[in-house]
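Visitor: Please take me through the disulfides of this protein, one at a time. I would like a close look at where each one sits.

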Amino acid sequence: QLQFVESGGGLVQPGGSLRLSCAASGFTLDDYAIGWFRQAPGKERERISCITTTGRSTKYADSVKGRFTISRDNAKNTVYLQMNSLKTEDTAIYYCAAAAGFRLCEYLHAESEYGIWGQGTQVTVSS
């Protein structure tokens, strides 16, 4: 079974940090670009970051640029999202997803491009 196991979510105060992890199970991460998405209450799910198979190219939504960092460790079959300077508006359920093939993040905005999804992890930013 191809799946991700997500971890690292929780409750944090504004200005704090969290690191989300996404461990791949049943497949090798090397052959997949990875996207992080989030869905806030009452809003559509949006892609906030993406990293190519080699990790050489990354993309960020304007709302998280400069605060979030995506990375991957193919040897550990795991991807990460380091989130710093968190704001209340970052409160959402966060999902990792994998898109097969050696593709650029510019072409991987749509959810339909991703075939494997994590179960989601709740991040709540509140004082």
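Guide: Start with the term. A disulfide is a covalent bond between the sulfur atoms of two cysteines. Here, a pair of cysteine sulfur atoms within 2.5 Å is taken as a disulfide. The model is predicted. By this rule, two disulfides are found.

Take Cys22 and Cys96. Their sulfur atoms lie 1.5 Å apart, and the two residues form a disulfide. Cys22 belongs to strand β3, residues 18-25, while Cys96 belongs to strand β9, residues 92-100, so this link ties together parts that are 74 residues apart in sequence. Now look at exposure. Buried means under 20% relative accessible area. Cys22 has a relative accessible area of 0%, so Cys22 is buried. Cys96 is also at 0% relative accessibility, and therefore counts as buried.

Move on to Cys50 and Cys105. This pair forms a disulfide too, with sulfur atoms 2.2 Å apart. Cys50 sits in strand β5, residues 46-51, and Cys105 sits in the loop between β9 and β10 (116-117), so the bond joins parts that are 55 residues apart in sequence. The angle about the S-S bond is -80 degrees, and the link of Cys50 and Cys105 is left-handed. Both Cys50 and Cys105 are buried.

Count the bonded cysteines along the chain, and the disulfides follow the pattern 1-3, 2-4.

How values were computed
Residues are numbered from 1 along each chain as its sequence is written. This is a predicted model: local features need pLDDT of at least 70, side-chain atom pairs count only at pLDDT 80 or more; totals for chains, interfaces and linings use all residues. Side-chain values use heavy atoms; hydrogens and water are left out. Helices (H or I, at least four residues) and strands (E, at least two) are DSSP runs, numbered from the N terminus. Buried means under 20% relative accessible area, exposed over 50%, partly exposed in between (1.4 Å probe, protein chains only).
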